[in-house]
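Subject: Handover of a structure and summary of findings

Dear colleague,

Please find below the structure that I am handing over to you. A summary of the findings follows it.

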Amino acid sequence: MQRLYIFDTTLRDGEQSLGITLNVKEKLEIGHQLVKLGVDIIEAGFPASSPGDLESVRTLAAELKGVTICGLTRAVPQDIDICAEALRKAENPRIHTGIGVSPVHMEKKLGLNPEQTLEQAVFAVKYAKRYVNDVEFYAEDAFRSDPAFLVKVIEEAIKAGATVVNIPDTVGYANPWEYGELIDFVIKNVRNIDKAVVSVHCHNDLGMATANALAGIRAGARQVEVTINGIGERAGNTSFEEVVMAIYTRRDGYGVKNNIKVYEISATSRLVSRITGVAVPDYKAIVGANAYSHASGIHQDGVLKDRETYEIIKPETIGVPQNIISLTARSGRHALKYRLEELGYKVEGDQLNDVYKRFLHLADSKQEVFDQDLYVLMGDPEGKASNILLQSMAISTSGIETATATVTLEIEGRKFTDAACGNGPVNALFNTIDRMTGNDAMLEDYTLKSVTRGSKALGEATVKLRYNDGRLVVGKGFSTDIIEASAKAYINALAKQNHKFSKSQA
Ligand code: KIV
Ligand code: ZN
């Protein structure tokens with residue numbers, strides 16, 4: 001069986017397109033999990049696009065071992081210089097450079113004719129090659145290009161030193177059979193194609209990214225570019241978990257193998273969702289909350305007789321833990337530790353005592369603590385060091401139009417209390433926190449959802465704050481009281497930014 005390389009671009013095509021600024025720490029946390037998952041290449045960012053991206057690529061390059069770290073560039077020297085510098089400490093660095101090759105990209109976006117485009121492509125690959133041996137060339141919007149021109153560009157890019165050639169369907173326009181035919185055409189017509197790995201990169205505008213990528217793999221591509229949960233530009237990128245599990249489940253159809261530890265898929269999906277603030281739909285293939293639940297009577301009867309009646313993947317295969325003990329306020333440390341270990345968390349000593357204390361607090365307000373609650377407990381931002389903490393809050397409302405919030409915060413070790421009005425409890429709360437912290441970022445999005453079922457469910461609040469310089473920061477908060485969850489989410493977003501508090505306001 002031939003090797004299929006898994007190229008993860010969650011931190012570049014995924015993150016950049018969301019408009020969400022993941023900070024270095026968040027990118028590193030996802031990066032470590034991607035290494036655990038077994039991806040071959042991590043595209044860590046586009047270093048020339050912002051100082052934050054540059055710092056992230058630099059950090060991941062220095063910290064992550066046993067994986068190729070890749071940075072994206074346009075086909076211009078300054079991008080490539082910056083990218084090479086960011087990758088300096090990588091064990092295995094790769095520069096991903098390229099240019100638009102479709103008529104609309106060349107004429108309208110770049111103002112270049114085909115000869116000039118070809119010249120710039122060759123120049124960029126040669127320029128990147130001065131820094132690193134591993135250079136991937138992307139022919140942006142390849143699917144809408146003239147196939148004869150595409151073949152020429154790819155052939156010249158390989159001649160210039162490209163080790164991987166990426167044939168993207170940038171706008172998600174292809175049908176699966178057409179995309180497979182294009183990959184086949186490239187493989188059959190590019191004379192030096194044996195000197196490079198062919199890569200597929202598909203967007204999901206018509207909901208066909210996974211099908212297209214798989215068609216490309218069947219046609220001979222040996223690298224696939226994916227994002228966790230399929231996050232990305234517009235309708236998203238090719239979903240990592242769909243491609244990997246399609247190949248795992250239907251391996252006879254592809255004849256390729258990879259290094260992915262499929263039992264890490266569920267944990268990776270949850271982590272990316274938590275950090276990016278992008279929820280996974282319940283009905284999402286492979287990682288959606290409903291992907292392994294059977295609702296209708298006939299199906300339930302079937303799976304009780306034999307799971308294979310309605311299940312093609314066992315949830316435990318991708319690391320969805322199977323629950324055998326129910327956790328309540330009467331459960332001891334041992335039961336909690338056992339369950340957490342099953343969920344992939346190792347907790348001992350003081351950390352176990354701390355988690356157990358918070359577990360009991362939660363269990364007191366709920367009858368049963370579910371796995372989803374435990375994930376929250378383990379990732380709960382308030383458990384981590386923060387320069388701002390919610391001490392207490394009270395809301396009073398008069399009618400439905402106005403509310404007053406009184407909030408006590410601990411800011412950099414000192415306690416402050418203040419109050420403000422708003423047109424509802426949450427608005428009053430956020431206005432008070434703004435007054436106390438001097439925050440001037442705009443609230444761009446605010447969502448509430450319940451983490452588990454039932455009236456005692458834990459509520460999860462997500463806020464997105466837009467800063468004047470364009471950065472978008474996600475904050476999350478959890479509580480059985482949704483107003484408290486909202487306050488915690490708001491404070492979490494401020495704390496993430498290392499918000500500098502003006503003492504006069506504080
Ligand atoms: O979709 C695309 O064409 C891309 C390239 C920049 C690789 O993301
Ligand atoms: Zn893309």
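Predicted model: local features only at pLDDT ≥ 70, side-chain atom pairs only at ≥ 80, totals over all residues.

How far is an oxygen atom of ligand 1 from an N or O atom in the side chain of His 203? The separation is 3.0 Å, which falls within the cut-off for a polar contact (a pair of N or O atoms within 3.5 Å; within protein, one must be able to donate a hydrogen and the other to accept it, and residues adjacent in sequence count only if both atoms are side-chain atoms).

Residues are numbered from 1 along each chain as its sequence is written, chains are lettered from A and ligands numbered from 1 in the order in which they are written, and side-chain values use heavy atoms, with hydrogens and water left out.

The surroundings of ligand 1

The residues around ligand 1 are Arg 12, Asp 13, His 96, Tyr 138, Glu 140, Asn 166, Pro 168, Thr 170, His 201 and His 203; a residue is listed if one of its heavy atoms lies within 4 Å of the ligand. Arg 12 places a polar side-chain atom 3.0 Å from an oxygen atom of ligand 1. For Asp 13, the corresponding distance to an oxygen atom of the ligand is 3.1 Å.

Domains and cores

The protein chain is assigned domain 1 (2-276), domain 2 (292-320), domain 3 (322-379) and domain 4 (388-495); these bounds come from an automatic or database domain assignment. The C-alpha centres of domain 1 and domain 4 are 38 Å apart. Domain 1 gives 7 residues to the contact and domain 4 gives 6 residues, where contact means heavy atoms within 4.5 Å.

The largest nonpolar core has 94 residues. Such a core is a set of buried Ala, Val, Leu, Ile, Met, Phe, Trp, Tyr and Cys residues joined through side-chain atoms within 4.5 Å. Buried means under 20% relative accessible area, exposed over 50%, and partly exposed in between (1.4 Å probe, protein chains only). Phe 137, Ile 154, Ile 167, Ile 217, Phe 240 and Ile 265 touch the most other members. Helix H7 (residues 147-160) supplies the largest share of this core, 8 residues; helices (H or I, at least four residues) and strands (E, at least two) are DSSP runs, numbered from the N terminus. Domain 1 (2-276) and domain 2 (292-320) each contribute at least three residues to this core. A second, separate core of 28 residues includes Ala 403, Phe 416, Ile 483 and Ala 493.

Beyond its neighbours within four places in sequence, Phe 137 has contacts that include Ala 121, Val 153, Ile 154 and Asn 166.

Salt bridges

Side chains of opposite charge can pair when their charged atoms come close. The structure holds 33 salt bridges, each defined as a side-chain nitrogen of Lys or Arg within 4 Å of a carboxyl oxygen of Asp or Glu.

Asp 53 and Lys 27 form one of them, at 3.1 Å from N to O. Asp 53 is in helix H3 (residues 51-63) and Lys 27 in helix H2 (residues 24-37), so this pair ties together parts that are 26 residues apart in sequence. Both Asp 53 and Lys 27 are buried.

Lys 188 and Asp 184 form another, at 2.9 Å from N to O. These two residues are 4 residues apart in helix H8 (residues 176-189) and are therefore separated by about one helical turn. Lys 188 counts as exposed because its relative accessibility is 62%, whereas Asp 184, at 28%, is partly exposed.

Glu 460 and Lys 476 also meet in a salt bridge, at 2.8 Å from N to O. Glu 460 is in strand S15 (residues 459-466) and Lys 476 in strand S16 (residues 472-479), 16 residues apart. Both Glu 460 and Lys 476 are buried.

A buried threonine

Is Thr 432 buried or exposed? Thr 432 counts as buried because its relative accessibility is 0%. This residue is in helix H16 (residues 425-437), and its side chain reaches the backbone oxygen of Ala 428 at 2.7 Å.

Yours sincerely
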